[in-house]
Amino acid sequence: MDLFEEPLFSTLQQLMEIPEEMEKAFNAPTRAYVRDRKAIASTPADVKELPGALVFQIDMPGVKSEEIKVQVEDDRLLVVSGERKRPEDKEGKYLRMERRIGKFMRKFPLPEYANLDAISAVSQDGVLAITVEKKPPPEPKKPKTIDVKVA
């Protein structure tokens with residue numbers, strides 16, 4: 001009998017392979033992470049800089065404004081999230097379903113000049129427009145003039 005065919009060697013070999021499989025399982029992305037990554041990838045957005053504001057435009061066809069959540073997290077992270085649901089239809093059956101449904105999310109880091117107190121969001125014709133006003137630039141410091149007195 002060959003050494004590799006012995007039951008003891010076979011058992012030891014299996015025990016040595018278990019940590020590698022466990023390591024893969026522990027390092028595998030969680031379902032929530034994968035779901036969030038898919039939600040981010042399936043939500044297209046345009047970002048435009050205007051002289052006084054940043055404008056984020058995100059396609060939201062079929063999503064009601066009350067189903068959209070716009071937040072600022074961690075001081076400077078704009079987060080847009082929600083869920084697109086398929087309306088219940090008791091009549092007929094679908095032959096093809098191509099429109100995206102499910103959760104969506106986008107995250108945008110905001111620059112230092114973003115005015116976090118002046119953010120507005122409007123949903124119109126299936127497009128969500130978020131406007132983040134810019135802070136005015138700081139005024140240049142004027143040199144301080146010191147009067148010279150006669151001694």
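## Salt bridges

Lys-134 and Glu-49 join their side chains in a salt bridge, at 2.6 Å from N to O. The term stands for a side-chain nitrogen of Lys or Arg within 4 Å of a carboxyl oxygen of Asp or Glu. Lys-134 sits in strand β7 and Glu-49 in strand β1, so this pair links distant parts of the chain, 85 residues apart. Strands here are DSSP runs of E with at least two residues, numbered from the N terminus.

This is a predicted model: local features need pLDDT of at least 70, side-chain atom pairs count only at pLDDT 80 or more, and totals for chains, interfaces and linings use all residues. Residues are numbered from 1 along each chain as its sequence is written, and side-chain values use heavy atoms, with hydrogens and water left out.

How many salt bridges does a search of the whole structure find? It finds two. Glu-112 and Arg-76 also meet through their side chains, at 3.8 Å from N to O. Glu-112 is in the loop between β5 (102-109) and β6, while Arg-76 is in the loop between β3 (68-73) and β4; they are 36 residues apart. Glu-112 has 62% relative accessibility and therefore counts as exposed. The cut-offs are these: buried is under 20% relative accessible area, exposed is over 50%, and partly exposed is in between (1.4 Å probe, protein chains only).

## The open sheet

Four strands make up an open sheet. Their order is β1-β2-β7-β6, and the pairing is antiparallel. Strands β1 (45-49) and β6 (114-124) stand at the edges. Each has a single partner strand, so one side of each lacks a neighbour in the sheet. Neighbouring strands of this sheet are turned by 15° against each other on average, direction ignored. For such angles, axes are lines fitted to C-alpha atoms, for helices over the stretch in contact, and values run from 0 to 180 degrees between N-to-C directions.

Two strands count as paired if DSSP finds at least two bridges between them. Strands β6 and β7 (residues 127-134) run antiparallel and are joined by seven bridges. Ser-120 stands opposite Thr-131 in β7.

## Strand β4 and its partners

Six bridges join β3 to β4, and the two run antiparallel. They form a hairpin with three residues between them. In the turn, Asp-74 has a positive phi of about 50°. Across the pair, Gln-71 stands opposite Val-79 in β4. Strand β4 also pairs with β5, in the antiparallel sense, over eight bridges. There Val-79 stands opposite Lys-107 in β5.

Is β4 enclosed or open? Six of its eight residues are buried, so β4 is largely enclosed by the rest of the structure. Ser-81 lies in this strand, which covers residues 77-84. Ser-81 counts as buried because its relative accessibility is 15%. Not counting residues up to four places away in sequence, Ser-81 touches Glu-67, Ile-68, Lys-69, Phe-104 and Met-105. A contact means heavy atoms within 4.5 Å.

## The aromatic pair

A search of the whole structure finds one aromatic pair. The rings of Phe-56 and Phe-108 have centres 4.8 Å apart and planes at 50°, so the pair is tilted. Rings of Phe, Tyr and Trp (its six-membered ring) pair if their centres lie within 6.5 Å; planes under 30 degrees apart count as stacked, over 60 as edge-to-face and the rest as tilted.

Phe-56 lies in strand β2 (residues 53-59) and Phe-108 in strand β5, so the pair ties together parts 52 residues apart in sequence. Both Phe-56 and Phe-108 are buried.
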